[in-house]
Amino acid sequence: MSEINAKIIDQKIFSTHITISREIKNSIDLKLSCQAKLKTPQDIKNNSVLLNIKLFLATPTDDLKAELTADIIFELDYVPDDYNIIAEQKLIPLARTSLFEKWDEILVAMGYKKMRLADKISQ
């Protein structure tokens, strides 16, 4: 069986909470955690899935605390035998990258520089 491909077809951030110190340092220690829940289709021929994902970012000194929650719909090449493996190997890394890019957009809108976490966090 060939490797399955996935692409994001829709994304909605429905909750975000961000607290940033007025004078955040250029170099910070950042802790990242992620919670995800996969919702599979009821129709066995449907090759799309919904990933509900929540990202937590924080510094040990609380100079930065953020939480983003989103629903992301993926289209897969085909219906997989094991959704959990696909979620761990493909969907969660793709979702994190997409949300990190949105995170940068939010930071810029708030007047801060991009953190470019999508480039810095290994997938």
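Modeller: In the largest nonpolar core, which has 27 residues, Ile53, Leu91 and Trp103 touch the most other members. A nonpolar core is a set of buried Ala, Val, Leu, Ile, Met, Phe, Trp, Tyr and Cys residues joined through side-chain atoms within 4.5 Å; buried means under 20% relative accessible area, exposed over 50%, and partly exposed in between, with a 1.4 Å probe and protein chains only. At least two core residues come from each of strand E3, strand E4 (64-76), helix H1 (83-110) and helix H2 (117-120). H1 gives the largest share, 10 residues.

The model is predicted: local features need pLDDT of at least 70 and side-chain atom pairs count only at pLDDT 80 or more, while totals for chains, interfaces and linings use all residues. Residues are numbered from 1 along each chain as its sequence is written, and side-chain values use heavy atoms, without hydrogens and water.

Beyond its neighbours within four places in sequence, Leu91 is in contact (heavy atoms within 4.5 Å) with Ala6, Leu38, Val49, Leu51, Phe74, Leu76 and Ile86.

As for the sheet, four strands form an open, antiparallel arrangement in the order E1-E4-E3-E2; two strands pair if DSSP finds at least two bridges between them. Strands E1 (6-20) and E2 (31-39) are its edges, each pairing on one side only. Nine bridges join E2 and E3 in the antiparallel sense, and Lys37 stands opposite Asn52 in E3.
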